[in-house]
Amino acid sequence: MAPKCPKCEKSVYPAEELKCNNFSYHKGCFRCFLCSTGLDSNNVNPHNDELYCKKCHGRKFGIKGYGFGQGAGALGMDEGERQGNIADPSLKAAPAMAGAYHSANLGSGERTGPGPWCPRCNGTVYPAEEKKGAGASWHNKCFTCAYCNKRLDSTTLCDKEGEIFCKACHGKNFGPTGVGYGIGAGVLQTR
């Protein structure tokens with residue numbers, strides 16, 4: 001008797017069988033539970049009898065916080081509101097850094113409503129436009145590299161002393177220096 005596919009509950013015959021976690025699936029049923037991406041042995045992540053692609057598995061079950069996962073959905077910036085912790089909005093304003101990067105003060109400099117406030121423009125950040133990074137809430141338009149003004153996301157974000165940077169600018173300005181720490185093989189020189 002042929003095994004049953006857990007997704008469609010129909011018989012799976014050897015010519016169309018894909019196995020994972022002691023279950024047999026049809027090729028067409030071997031898809032991510034969340035995004036329906038077709039899976040193979042390189043990107044399947046089973047969890048509690050469900051199949052996920054690596055990206056969805058990381059977002060749903062992976063480690064949360066800055067530097068983990070891919071995409072904004074992977075960032076877990078819980079400040080403990082559910083346990084009764086109340087964040088002081090005045091602590092969210094990032095300290096000013098001395099440096100060569102621009103200060104894109106997009107607003108008037110005055111705080112315009114209830115917190116949280118964007119460290120770049122001091123405007124109120126509402127949940128619909130909120131991006132989190134460097135321990136603060138940012139407007140989507142302000143969530144850019146302090147040096148090159150490139151738009152950032154969770155995979156390109158680096159922070160230092162309350163300011164946000166793209167990985168390239170952070171590496172150039174704050175990363176290790178010396179022989180072997182150039183950008184690309186063209187920088188390395190032998191004599």
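Author: Start with valine 44, whose bridge partner in strand 4 is cysteine 53. This is a predicted model, so read everything here as computed. The two strands involved, strand 3 (residues 44-47) and strand 4 (residues 50-53), run antiparallel and pair over four bridges. Two residues sit between them in the hairpin, and asparagine 48 takes a positive phi near 50° there.

Now stay on strand 4 and look at the rings. The whole structure has six aromatic pairs. In one of them, phenylalanine 33 and tyrosine 52 have ring centres 5.9 Å apart and planes at 75°; with over 60 degrees counting as edge-to-face, that is what this pair is. Tyrosine 52 belongs to strand 4, while phenylalanine 33 comes from the loop between strand 2 (23-26) and strand 3, so the pair links parts of the chain 19 residues apart.

Another pair is tyrosine 147 with phenylalanine 174: centres 6.5 Å apart, planes at 50°, so it's tilted. Tyrosine 147 lies in the loop between strand 6 (136-139) and strand 7 (157-160), and phenylalanine 174 is in helix 3 (residues 167-174), so this pair ties together parts 27 residues apart in sequence. Tyrosine 147 is partly exposed, with a relative accessible area of 24%, and phenylalanine 174 is partly exposed too, at 27%. Phe165 joins in as well: ring pairs link Tyr147, Phe165 and Phe174 into a cluster.

Notes
Residues numbered from 1 in each chain as written. Predicted model: local features only at pLDDT ≥ 70, side-chain atom pairs only at ≥ 80, totals over all residues. Heavy atoms only, no water. Pairing = 2+ DSSP bridges. Phe/Tyr/Trp six-rings, centres within 6.5 Å; stacked < 30°, edge-to-face > 60°. Buried < 20%, exposed > 50% of the residue type's maximum accessible area, 1.4 Å probe, protein only.
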